[in-house]
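Please open the model in your viewer and keep the selection tool at hand. The stops below go from one selection to the next, with a note on what is found at each.

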Amino acid sequence: MKHINSSDFIQDILTNNHSSVVLFYSKDQNPDSFSFIDILKEYSEKSTSESVFLYNMSEPKNEELALNFGVENTPTLLIFKNGSINRWLEPTNNKMNKQNVLKFLGNPIYYSVKKEDATNIVNTFSKKKIK
């Protein structure tokens, strides 16, 4: 699993033709304390088709990009395929548990965004010269 910022997000997730699992979390959260983090670590080690990234929303540019994808609650998991959101899982009753994460990693689309929308987000952030 790799920690990424907004620039990495654009390069590693939105403009690549592969699948990525992204865990969005806030500054007051430690991803290692999530009850489901061991599932993501194991998934990251065993998956040959998907990479797992951790995205801290506490920096203003990071938060802005996350909000553009509709991420308002944390932790939230998104799976991107070919630059578009393929699956979406956010906490229910402010909790995300192992059972929900396992189901999420193996189930079909929960939420999708058109590739053009993702491209518009990339273009917007590229113009801002994120560093």
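Begin by selecting helix α2, where Ile-37, Ile-39 and Leu-40 are buried, buried meaning under 20% relative accessible area, exposed over 50% and partly exposed in between, with a 1.4 Å probe and protein chains only. Seen down the axis of α2, these buried residues fall within an arc of 155°, so they line one face of the helix; the arc is that of the directions from the helix axis to the C-beta atoms. Helices (H or I, at least four residues) and strands (E, at least two) are DSSP runs, numbered from the N terminus.

This is a predicted model, in which local features need pLDDT of at least 70 and side-chain atom pairs count only at pLDDT 80 or more, while totals for chains, interfaces and linings use all residues. Residues are numbered from 1 along each chain as its sequence is written, and side-chain values use heavy atoms, with hydrogens and water left out.

Glu-45 counts as exposed because its relative accessibility is 68%. If you also select Met-1, you will find that Glu-45 and Met-1 are 44 residues apart in sequence and 8.3 Å apart in space, C-alpha to C-alpha.

Which residues have the most contacts inside the largest nonpolar core? Select Phe-9, Phe-24, Tyr-55, Phe-69 and Phe-80, which hold that place in a core of 18 residues. A nonpolar core is a set of buried Ala, Val, Leu, Ile, Met, Phe, Trp, Tyr and Cys residues joined through side-chain atoms within 4.5 Å. Two or more residues of this core come from each of α1 (6–14), β2, β3 (50–56), α3 (60–68), β4 and β5, and the largest share, four residues, comes from α1.

Centre the view on Phe-24: leaving aside its neighbours within four places in sequence, Phe-24 is in contact with Phe-9, Tyr-55, Met-57, Ala-66, Val-71, Thr-74, Pro-75, Thr-76 and Leu-78. A second, separate core of 17 residues includes Phe-34, Ile-37, Leu-77 and Val-101.

For the next stop, select α1 together with α3, in which Ser-6, Phe-9 and Ile-10 of α1 meet Lys-61, Asn-62 and Leu-65 of α3.

Finally, display the whole protein chain, which has five helices and five strands and follows, read along the sequence, the pattern β-α-β-α-β-α-β-β-α-α. Of its 131 residues, 44% count as buried. Residues 24 or more positions apart account for 63% of the contacts in the protein chain with a separation of 6 or more.

Technical notes: Contact means heavy atoms within 4.5 Å.
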